[in-house]
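Here's a quick tour of the aromatic rings in one structure. Have the sequence and the model at hand as you read.

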Amino acid sequence: MARSGLADAARVARWADAALGPGRGSATDDGKATLSDTTAERAARELGLTPAQVRADWDTARLAGLVEVHGDSARPGWRLRAWDRDDSAVLRGWVALFDAWSLAHPEPEEHEPAAVAEVVSAMPQALSFLQLSAGPVPVEQLLDLLEQRVTELRTARCEIPYGPQPEPPAEPEPTDAPLAPLLDWALRALASVGALTYGDGQATLTPLGSWAVWVKLEQICVAAQSPAGNIEQAADDMLRGCAQLRPNAARAEYRAWLAARPVGSAVTELLGAARGEDALLRGLAFEALRVVGAPAEPDVRGVLDEPTLRPYALLWLAEHDGADPEDAHEVLTREEATWLWVDTAAAVADHGEAPLLVRHLESAVQPTVPMLLEEVRAVGHPRTVQVLVALAAAHPDPALAKAVRRAAFQVHTGGS
């Protein structure tokens, strides 16, 4: 259903990708990535559509993330790239369109903006009621529910907090705004994106609309059941809170944290945490990004040029593309694998116990300790000295510990 509903938008997005790539002209002329008249007419000729249909499909493609706007230009989104191979990309695209229903079908101009905002805020409750009803619901019943919810919103706004108050707004509260025409608009808009059917005085969620509302209700429940209570924390603090959890418990915490915020900002926060000095948070951030899945792919690819994050990003992308986690390390060069070994050792040294650091020696790609020490010194990780000193202090073999201490001293002094 999602593929069918977005097929026209995907067709226009693909046409733009092929016809308007770098060096082949611009799709837009207004700084907002709106199709220019010339481009719309050209697309209409080549696709057998009217310019109005092209513009409508282009707008749908933008709302669904098939086209991404960057500054005054537009480019294909990751969902278009993944369209044929990833069903989740299609479903996420449709959910993005569903979330933007009020933009897909703009409200009538004669209504007060404040009243429109109230109806948009109240519609999730109406959609939940439709989902729970699992069948046609009379519009009169939805109108009663909408009026109750809007009254609740207005009552909540009238609560006077403690302290000095600003001047009241000049615009009057829409206390008497008629809600029936706005409900009609909202139901038509939701029908236009394929979330429900509307006619004969009743509305019914489509299977796709029912699924989307169920997913959102599930996300609310997941977020409310944050097992370790880190849901409101910043990424750094959330990851620290997950450091001592077992893998399954940590993943549950990541899911709860992600359910409570937009995926784009969550990915940005996690990558910000990964750029910090704490190597443990770096590894945990990419574990959380594994829970995010496909929507994180463009951002993860975007950090491949950052030496600190590159090994983690390469492993993430290999697993995302279907590699067995046991074999994913094969995508790393010897230098990248050595850098990752030092970074992981830094996390163990900072947060683990001495035996763990000794066991970490076994995971090195080098067959002997002298080769490991030589290559560790060559990769230039900023924590090399601290890692080697900690390893020398932890290792029970005096001869090996002495060699490691010597290597640490040589790195520290820049000697050979």
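## Aromatic rings

Trp101 is buried, with a relative accessible area of 7% (buried means under 20%, exposed over 50% and partly exposed in between, using a 1.4 Å probe and protein chains only). Keep in mind that this is a predicted model, where local features need pLDDT of at least 70, side-chain atom pairs count only at pLDDT 80 or more, and totals for chains, interfaces and linings use all residues. Residues are numbered from 1 along each chain as its sequence is written, and side-chain values use heavy atoms, with hydrogens and water left out.

Now for the pairs. Rings of Phe, Tyr and Trp (its six-membered ring) pair if their centres lie within 6.5 Å; planes under 30 degrees apart are stacked, over 60 edge-to-face, and the rest tilted. By this rule there are three aromatic pairs. Two of them look like this:

| Pair | Type | Centre to centre | Angle between planes |
|---|---|---|---|
| Trp101 and Trp185 | tilted | 5.3 Å | 45° |
| Phe286 and Tyr312 | stacked | 5.5 Å | 25° |

Trp101 belongs to helix α7 (residues 101-104) and Trp185 to helix α10 (residues 180-192), so this pair links distant parts of the chain, 84 residues apart. Helices here are DSSP runs (H or I, at least four residues), numbered from the N terminus. Trp185 is buried as well, at 4% relative accessible area.

Phe286, in helix α15 (residues 279-292), and Tyr312, in helix α17 (residues 310-320), are 26 residues apart and also link distant parts of the chain. Phe286 is buried at 1%, and Tyr312 is buried at 9%.

Terms used:
Helix = DSSP H or I, 4+ residues; strand = E, 2+ residues; numbered from the N terminus.
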